[in-house]
Amino acid sequence: MEVVAGVIHDARGRILLTRRTAGRDLAGLWEFPGGKREPGESAEAALVRELHEELGIEAEVGEPVITVPQTYPHKRLRLDVRHLRDWRGTARGREGQALAWVPPHKLASYAMPPADRPVVAALGDPSDYLVTPAPVDGPRWLETLERALAGGVRRVQLRGADAGSAYWPRLVEQAVQLCRKAGAEVLVNGDVGLARRLGIGLHLPAAALREAGGARPVSADVPLAASCHDLDELKAAEALGCDFAVVGNLRETPSHPGRAGIGWAGFARLREHVAIPLYAIGGLVPADLAEARMHGAQGIAAIRGLWPS
Ligand SMILES: Nc1nc2c([nH]c(=O)n2[C@H]2C[C@H](O)[C@@H](COP(=O)(O)OP(=O)(O)OP(=O)(O)O)O2)c(=O)[nH]1
């Protein structure tokens, strides 16, 4: 089932959600207005038609936000979400549905269908997730991180030293200061104790995900993420309450020669079965973002692709 929905802003920057009426699938949940494409109908034409039927507005369809493949108990769908370039008229619930104009930062507090969680993340959270390379030279590593932040990176995973090395905690502390100054979210790879001590997020390698025993290892006010390679790991990350996960490898990379990538089709197949936002990793660069979004990714995670040279 192909579904298309629109992100409708008012003059104050609020976004329109509509509530699914009683008696329908997913009744009572809030969603982006839109509906099913008819056979032979383009996504743009379907969205214009649906918004007119449901809300009485005339819409001009704009840029894509994200396309989310999703499996529900009784159906499989692809939710193609578009910005509107412009719209005219007064939006009202022509089918008896409730309307809510929601400030972007409050979208996540509305109960929505699973496919909408990646949509809300795509509208507000960073599309790039930088994973730091191993620090060979501490000061140079910090200086390069600072340049990445100056270039716009807003989500960072600090990774790269052998656990227990004497200099790593101090380097992490300095990196955290740089990230905070830039307003970037920061997670440390693997080290729960260090994450708790510094009050930062935690990124779990897949193996640690299995050892976590089902309890969220850090509080809900700092980010928790995980690296996943298959559906079992993704389900475990979701059950643990991860805010997002990284899935790969997308392409074969120089660091894993001979390990074939899952490709975008493989990524989308995994995406269908969970609702958490996912970054793709493995040989990706910022220019891959549009294709990533078309397959339901929040964006790209990378070491080389996001670390300034
Ligand atoms: N319009 C819209 N639909 C969404 C969103 N998220 C999401 O999972 N969906 C699902 C719900 C529906 O299964 C499908 C949209 O179908 P629809 O709203 O046009 O039709 P419907 O209720 O008659 O669907 P159905 O009961 O016949 O399955 O997409 C969203 O944000 N907007």
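**View 1. The shell around the ligand.** The ligand is surrounded by 15 residues, and the closest are Asp25, Glu31, Gly34, Gly35 and Pro113. A residue counts as near a molecule or strand if its C-beta atom, placed from the backbone, lies within 6 Å of it. This is a predicted model, in which local features need pLDDT of at least 70 and side-chain atom pairs count only at pLDDT 80 or more, while totals for chains, interfaces and linings use all residues. Residues are numbered from 1 along each chain as its sequence is written. Strand S1 (2–7), strand S4 (34–36) and strand S6 (75–88) each supply at least two residues of the shell, and S4 gives the most, with three residues. Here strands (E, at least two residues) and helices (H or I, at least four) are DSSP runs, numbered from the N terminus. Sorted by class, the shell has eight nonpolar, two polar and five charged residues. In this sorting Ala, Val, Leu, Ile, Met, Phe, Trp, Tyr, Cys and Pro are nonpolar, Asp, Glu, Lys and Arg are charged, and the others, Gly among them, are polar.

**View 2. Gly34 and Glu54, two annotated positions.** The UniProt annotation "binding site", from an unreviewed entry, covers Gly34 and Glu54. UniProt positions are given in the numbering used here, feature names are shortened, and annotations may be inferred rather than shown by experiment. The two positions span 21 residues in sequence, yet no two of their C-alpha atoms are more than 7.9 Å apart, so they gather at one spot. Are these residues buried or exposed? Gly34, in strand S4, is buried, because 24 other C-beta atoms lie within 10 Å. Glu54, in helix H1, counts as partly exposed, because it has 19 C-beta neighbours inside 10 Å. The cut-offs are 20 or more other C-beta atoms within 10 Å for buried, 12 or fewer for exposed, and anything in between for partly exposed, with C-beta atoms placed from the backbone. Leaving aside neighbours within four places in sequence, Gly34 is in contact with Val3, Val4, Ala5, Gly6, Leu47 and Glu50, whereas Glu54 touches Thr18, Pro33, Arg94 and Glu95. Contact here puts the two C-beta atoms, placed from the backbone, within 7 Å.

**View 3. Glu53 on helix H1.** Glu53 is found in helix H1 (residues 43–55). Glu53 counts as exposed because it has 12 C-beta neighbours inside 10 Å. The C-alpha atoms of Glu53 and Glu95 are separated by 8.3 Å, although the two are 42 residues apart along the chain.

View 4. An open sheet of three strands has the order S3-S2-S7, with antiparallel pairing. Its edge strands, S3 and strand S7 (99–102), each pair on one side only. Two strands pair if DSSP finds at least two bridges between them. S2 and S3 are joined by two bridges in the antiparallel sense, and Arg19 has Trp30 in S3 as its bridge partner. Elsewhere, twelve bridges join strand S5 (residues 58–72) to S6, again antiparallel. A hairpin links S5 to S6 through two residues, and Thr71 has Arg76 in S6 as its bridge partner.

**View 5. Two nonpolar cores.** The largest nonpolar core has 49 residues, and those with the most contacts inside it are Ala245, Val246, Val247, Tyr279, Ala280 and Ile281. A second, separate core of 30 residues includes Ala5, Ile8, Val48 and Leu107. Such a core is a set of buried Ala, Val, Leu, Ile, Met, Phe, Trp, Tyr and Cys residues joined through C-beta atoms within 7 Å. From S13, Phe244 and Val246 point one way and Ala245 and Val247 the other way, and all are buried. S13 runs parallel to strand S12 (residues 224–228), joined by four bridges, with Ala245 as the partner of Ala226.

View 6. Most residues other than glycine have a negative phi, and most peptide bonds are trans. Leu26, in the loop between strand S2 (15–19) and strand S3 (30–31), has a positive phi near 60°. Gly248 and Asn249 are joined by a cis peptide bond, with omega about -5°. Asn249 has its place in the loop between strand S13 (244–247) and helix H8 (263–271).
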